[in-house]
Amino acid sequence: MADQADRASQAASVLVFGSLNVDLVCRVAAIARPGETVLAPDYEQLFGGKGANQAVAAARVLGGANRVAMVGAVGDDELGKAVASNLAKEGIDIAGLQTAPARTGCAFISIDSGGENAITVASGANARLDAAALPDGLLGPSSVLVLQMETPLAASLKAAERARAEGGRVVVNLAPVPAQLGADDLARLLALADSLIVNESELAAAAGLSGIGGDEPGALATALAARFGLVVIATLGAKGALVAGGEGVHAISALAVEPVDTTGAGDTFVGVFASGLCNKLTAGQATEQAVVAASLACRRVGAQSAMPTAAEIEQALAAR
């Protein structure tokens with residue numbers, strides 16, 4: 001019992017196991033079509049990667065003191081050092097960052113005049129992430145492990161198994177859906193999950209792989225939740241989100257905002273949702289907090305640079 005208590009006292013509230021990138025962002029009138037070249041007046045270099053983004057979003061809500069930990073892989077290069085330094089400045093525990101024999105991941109992002117984006121990700125070191133990089137003691141009974149799909153699925157499965165063995169909870173963000181994802185691997189992953197977060201296309205893909213027909217998001221989310229015994233949250237962009245679980249399906253509306261850049265909205269949602277679970281919110285309450293945070297993130301350019309603070313989220317929630 002003493003050993004378990006010691007591990008729990010060292011464990012992170014939110015542990016994100018996933019990707020870290022540097023984002024190169026340019027604004028264009030319209031996103032280039034195949035064979036077309038478009039010009040942008042300039043570009044920005046920002047920090048990103050779904051894993052790192054979600055860790056930052058959670059840290060903005062939970063505060064510093066290493067309540068959030070990031071486990072991932074970077075290259076032995078200047079970008080990797082900058083990524084690690086940026087996370088540390090956010091109060092995130094980076095003891096689980098491994099240095100891989102590859103370049104730090106990079107994302108190339110075009111944003112059109114309406115705030116929509118097109119993204120190409122060069123995985124680099126992210127493809128080398130191994131669950132062995134997850135230090136002992138970071139997971140405990142009160143931890144929430146957050147997974148995405150920009151790193152090897154086999155490593156994510158091992159991380160989820162370790163979280164379950166420690167009595168922690170697992171949040172899976174099925175983004176992006178791996179091209180070679182099979183029904184058996186998806187079933188293994190969801191069997192280890194407490195919550196699944198998907199957008200509409202990811203929801204349709206997960207349902208299809210699980211042999212669930214139809215196209216209505218509420219029905220698909222409800223069927224997936226029942227099949228795997230978890231909570232399914234389907235994000236619907238400007239319409240908000242749906243929460244499906246043991247008590248049926250519940251819709252939560254988004255804030256009315258003028259979008260500037262939607263790049264980090266989904267990752268904001270995931271990180272804030274996980275932080276809500278750590279703060280003992282129900283799945284519905286955590287989803288409402290996440291919906292508001294994602295709406296606020298659309299008002300500014302960038303992923304991490306646009307993520308709201310706990311005070312901003314609380315103010316927007318109070319004004320609903």
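So, helices H6 and H7: they're oblique to each other, since angles under 35 degrees count as roughly parallel, over 145 as roughly antiparallel, 65 to 115 as roughly perpendicular and the rest as oblique. The axes of H6 (residues 200-209) and H7 (residues 217-228) come within 10 Å and cross at roughly 50°. Those axes are lines fitted to C-alpha atoms over the stretch in contact, with angles from 0 to 180 degrees between N-to-C directions. On the H6 side the contact (heavy atoms within 4.5 Å) involves Glu-200, Leu-203, Ala-204, Ala-206 and Ala-207, and on the H7 side Pro-217, Leu-220, Ala-221 and Leu-224.

Quick caveat: this is a predicted model, where local features need pLDDT of at least 70, side-chain atom pairs count only at pLDDT 80 or more, and totals for chains, interfaces and linings use all residues. Numbering starts from 1 along each chain as its sequence is written, and side-chain values use heavy atoms, with hydrogens and water left out.

Okay, on to strand S10, residues 195-199. Helices here are DSSP runs of H or I, at least four residues, and strands are runs of E, at least two.

Who does S10 pair with (pairing takes at least two DSSP bridges)? S9, residues 169-173, runs parallel to S10, with three bridges. Getting from S9 to S10, the chain goes through helix H5, residues 183-191. S11, residues 231-235, is also parallel to S10, joined by five bridges. Look at Ser-195: it's the bridge partner of Val-171, and it stands opposite Val-231 in S11.

Conventions
Pairing = 2+ DSSP bridges. Right-handed = clockwise from strand over helix to strand, strands pointing away.
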